[in-house]
Amino acid sequence: MTEYLIAFNDEWVPEHTADEIREKAVAVRAVIDEMLAEDVLIFTNGGLDRSTVVCGVESVDGRPVFTDGPYAETKEHLGGFVVVDVADDEAARHWAGRLATVLDWPQEVHRFRGPGQARRAVSGER
C-alpha cells in the first residue's frame with residue numbers, strides 16, 4: 001500500500017452560500033464514509049481557509065522567527081486535504097476523482113515517498 005495526499009488550494013473553490021457549503025459537507029461525508037468502509041482513510045479534518053492561519057515561521061540565523069497571520073505572498077493557500085493509503089496511483093486517482101466530483105472543484109494527488117509516522121493509529125477511531 002502507498003500513502004497519498006489529496007488536496008486542493010483555497011483559491012480553486014468558488015464562492016458558495018452557507019446552504020451550498022452544507023450540501024457539499026453532506027456529499028463529502030459520504031465519500032469519507034466510503035473511504036472508512038474500504039479502510040483506506042488515514043486522516044482528514046475538514047477544510048482550511050485563510051482565517052485558520054495561526055502564524056508563519058521561518059528560520060533566521062538558526063532561530064525560529066514567527067509572523068502573525070498569513071505569511072506566504074502567493075494567493076495559493078491549502079484549502080483542505082485527505083491522506084489515504086491505497087494500492088496504487090489508479091486507486092488514489094479514483095478517490096481524488098470522487099472528491100472532485102462531489103465538491104465540484106479540482107484536487108491534486110501527491111504520492112508520499114514512504115510510509116509516514118503518526119502519534120497513534122487512527123484507523124477505525126472517530
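Biologist: Leu48 first: what does Leu48 count as, going by relative accessibility?
Modeller: Leu48 counts as partly exposed, because its relative accessibility is 31% (buried means under 20% relative accessible area, exposed over 50%, partly exposed in between, with a 1.4 Å probe and protein chains only). This is a predicted model, in which local features need pLDDT of at least 70 and side-chain atom pairs count only at pLDDT 80 or more, while totals for chains, interfaces and linings use all residues. Residues are numbered from 1 along each chain as its sequence is written, and side-chain values use heavy atoms, with hydrogens and water left out.

Biologist: And where is the place of Leu48?
Modeller: Leu48 is in the loop between E2 and E3. Those labels are DSSP runs numbered from the N terminus: helices are H or I with at least four residues, strands are E with at least two.

Biologist: Which residues does Leu48 touch, not counting those up to four places away in sequence?
Modeller: Asp10, Leu78, Gly79, Gly80 and Phe81, where contact means heavy atoms within 4.5 Å.

Biologist: Let me zoom out. What does the secondary structure of the protein chain come to?
Modeller: Two helices and six strands, in the pattern β-α-β-β-β-β-α-β along the sequence. Of the chain's 126 residues, 25% count as buried.

Biologist: What order do the strands of the open sheet have?
Modeller: The order is E2-E5-E1-E6, four strands with antiparallel pairing (two strands pair if DSSP finds at least two bridges between them). E2 (41-47) and E6 are the edge strands, each pairing on one side only.

Biologist: Over how many bridges do E1 and E5 pair?
Modeller: Eight, in the antiparallel sense, with E5 covering residues 78-86. Leu5 stands opposite Val83 in E5. As for the helices, H1 packs on the sheet and touches E2 and E5, and its direction makes about 165° with that of E2. Axes here are lines fitted to C-alpha atoms, for helices over the stretch in contact, and angles run from 0 to 180 degrees between N-to-C directions. H2 lies across E1, E5 and E6, at about 30° to E1.

Biologist: How do the axes of H1 and H2 cross?
Modeller: At roughly 165°, coming within 9 Å of each other. H1 and H2 are therefore roughly antiparallel; on this scale under 35 degrees counts as roughly parallel, over 145 as roughly antiparallel, 65 to 115 as roughly perpendicular and the rest as oblique.

Biologist: Which residues of H1 and H2 meet?
Modeller: From H1, Lys24, Ala27, Val28, Val31, Glu34 and Met35; from H2, Trp95, Arg98, Leu99, Val102 and Leu103.

Biologist: New topic, aromatics. How many aromatic pairs does a search of the whole structure find?
Modeller: Two. One of them is Phe8 with Trp105, a tilted pair at 5.4 Å centre to centre and 55° between the planes. Rings of Phe, Tyr and Trp (its six-membered ring) pair if their centres lie within 6.5 Å; planes under 30 degrees apart count as stacked, over 60 as edge-to-face and the rest as tilted. Phe8 sits in strand E1 and Trp105 in the loop between H2 and E6, 97 residues apart.

Biologist: Are Phe8 and Trp105 buried or exposed?
Modeller: Both are buried.

Biologist: What about Gln107, buried or exposed?
Modeller: Gln107 is buried, because its relative accessible area is 17%. Gln107 is in the loop between H2 and E6, and its contacts include Ile6, Ala7, Phe8 and Trp12.

Biologist: Which sense do E3 and E4 pair in?
Modeller: Antiparallel, over six bridges. Ser59 has Pro64 of E4 as its bridge partner. The hairpin has two residues between the strands, and there Asp61 takes a positive phi near 55°. The count of buried residues in E4 is zero out of six.
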